[in-house]
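Subject: Handover of a structure and notes on what was found

Dear colleague,

Please find the structure below, followed by an account of what was found in it. I would ask you to keep the structure open while reading.

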Amino acid sequence: MRRLRMGMIGGGPGAFIGPIHRIAAELDREIELVAGVFSSDAGRSHMAGAAYRIDPARAYATVADMIAAETARPDGIDFVTIASPNHHHLPAARAALAAGIAVLSDKPATATLAEAHELAALVAAADVPYGLTYTYSGYPMVREARARVAAGALGTLRRIVVEYPQGWLATGAQGKQAEWRVDPARAGDGGCIADIGVHALHLAEFVSGLRVDRLLADLAAVVPGRLLDDDCQVLLRFTGGVRGTLIASQIMLGERNALRLRIYGTDGALDWRQESPNALTLHHADGRTEILRAGDGGLSADAVAASRTPGGHPEGYLEAFANLYRDFARQLRGEPGSLVPGIADGLRGMAFIDTAVRASRADAGWVALEI
């Protein structure tokens with residue numbers, strides 16, 4: 001069985017996420033990076049192609065060039081990965097889907113909700129796989145948490161708390177990775193809420209199996225002169241009236257990437273932290289506390305399938321990312337069981353961003369989250 005051939009859009013010199021995509025995609029040797037448009041500058045795209053050690057002829061100047069050349073080759077790409085700022089997501093996906101090429105994209109799906117609706121129509125018409133890299137859903141113990149909740153281990157759910165504090169934008173926004181995230185022309189309508197808030201929302205819904213029906217949003221641009229939100233707090237009301245809280249911030253000095261999910265039920269509770277991802281804490285109604293670890297015996301099939309090493313050999317962000325790529329590769333081959341988020345998740349994320357931004361600006365109180 002041959003390796004699937006990937007083309008990358010974005011991920012050029014100075015990018016953080018491009019090399020992450022390449023490493024994750026190739027970890028299980030089911031995929032290889034063979035082509036790309038790594039920058040809007042042709043010279044920088046060729047420079048990145050050399051760094052990735054691909055054929056120089058397959059480091060293209062534009063997406064149109066790559067699609068035209070690769071669809072004409074007998075060994076052309078099987079799918080594209082979109083690893084560029086948000087405003088590129090729809091044009092890049094549109095070009096690939098029009099050519100019948102599958103797409104795996106960074107989140108959020110697009111820059112605006114209107115674009116997400118257009119993208120959903122394009123995905124439906126193209127009838128090829130489309131996925132989103134909500135990376136944290138790839139961790140073994142996140143998948144274990146999901147399986148435990150689905151099996152009723154927590155009883156009836158009562159409260160969901162998800163928080164994602166960072167501190168890297170607490171002052172200025174220097175450097176390529178920071179600058180586009182605070183620019184409405186490139187990031188879209190949301191800042192922090194679109195960058196990490198959607199990760200928090202997806203994690204809460206992925207693990208709990210519930211959907212947010214209503215929300216009350218308080219978003220702020222705390223750093224003077226900033227045009228997009230950098231500090232967010234959102235009250236949530238899930239299916240069945242379950243209450244929740246979401247905090248996402250990029251101005252909390254001292255915080256790194258402290259994504260944390262807690263779910264409380266009538267019979268138990270769970271606690272997972274991204275900075276200690278190999279452990280899942282379960283609190284039982286009788287007062288016992290149990291710590292499950294990746295690689296332990298008795299874990300769910302999804303958690304076991306997402307682990308590559310025995311217990312005590314930590315796996316982290318790269319491996320979680322690679323699990324999404326491995327799932328997507330198998331989806332492309334028509335195999336069942338993929339947990340890669342799809343266009344429905346993309347629409348949910350964009351509806352969340354759009355609703356939270358508009359409701360906060362209008363001080364609207366509780367509003368419905370539709371889609």
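How near do the axes of helix α1 and helix α11 come, and at what angle do they cross? The axes of α1 (residues 17-26) and α11 (residues 317-332) come within 8 Å and cross at roughly 65°.

This is a predicted model, in which local features need pLDDT of at least 70 and side-chain atom pairs count only at pLDDT 80 or more, while totals for chains, interfaces and linings use all residues. Residues are numbered from 1 along each chain as its sequence is written, and side-chain values use heavy atoms, with hydrogens and water left out.

Some terms are needed first. Helices (H or I, at least four residues) and strands (E, at least two) are DSSP runs, numbered from the N terminus. Axes are lines fitted to C-alpha atoms, for helices over the stretch in contact, and angles run from 0 to 180 degrees between N-to-C directions. Two packed helices are described by the angle between their axes and the distance between the axes.

**Helices α1 and α11**

The crossing of α1 and α11 is right-handed (the near helix is turned clockwise from the far one by less than a right angle). On the α1 side, I17, I20, H21, I23, A24 and A25 are in contact (heavy atoms within 4.5 Å) with Y317, L318, F321, A322 and Y325 of α11. By class, this contact has 10 nonpolar, 1 polar and no charged residues (Ala, Val, Leu, Ile, Met, Phe, Trp, Tyr, Cys and Pro count as nonpolar, Asp, Glu, Lys and Arg as charged, and the others, Gly among them, as polar).

**Helix α12 and its two partners**

Helix α12 (residues 343-362) and helix α9 (residues 192-208) have axes that come within 10 Å and cross at roughly 120°. That angle makes α9 oblique to α12 (angles under 35 degrees count as roughly parallel, over 145 as roughly antiparallel, 65 to 115 as roughly perpendicular and the rest as oblique). The crossing of α9 and α12 is also right-handed. From α9, the residues I193, A194, G197, V198, L201, H202 and E205 meet D345, R348, G349, F352, I353, A356 and V357 of α12. These residues divide into 8 nonpolar, 3 polar and 3 charged.

L113, A116, H117, L119, A120 and V123 of α5 make the contact with I343, L347, M350, A351 and D354 of α12. Here the division is 9 nonpolar, 1 polar and 1 charged.

As for α12 itself, 15 of its 20 residues are buried (under 20% relative accessible area, with exposed meaning over 50% and partly exposed in between, for a 1.4 Å probe and protein chains only). At 1.5 Å a residue, its 20 residues should span 28 Å, and the end C-alpha atoms are 28 Å apart, which agrees (the expected span is 1.5 Å times one less than the number of residues).

**Backbone features**

Most residues other than glycine have a negative phi, and most peptide bonds are trans. I371 has a positive phi of about 95° although it is not a glycine. I371 sits in the segment after β14 and is partly exposed at 36%.

Where does the chain have a cis peptide bond from K107? The bond from K107 to P108 is cis, with omega near -15°, and P108 is in the loop between β4 (102-105) and α5 (113-126).

**Two buried residues**

D195 lies in α9 and is buried, with a relative accessible area of 12%. Its C-alpha atom is separated by 7.3 Å from that of P108, 87 residues apart along the chain. Not counting residues up to four places away in sequence, D195 touches K107, W168, R181 and Q250.

R5 is found in strand β1 (residues 4-10) and counts as buried at 14% relative accessibility. Leaving aside neighbours within four places in sequence, R5 is in contact with E32, V34, P74, D75, G76, I77, D78 and F79.

Yours sincerely
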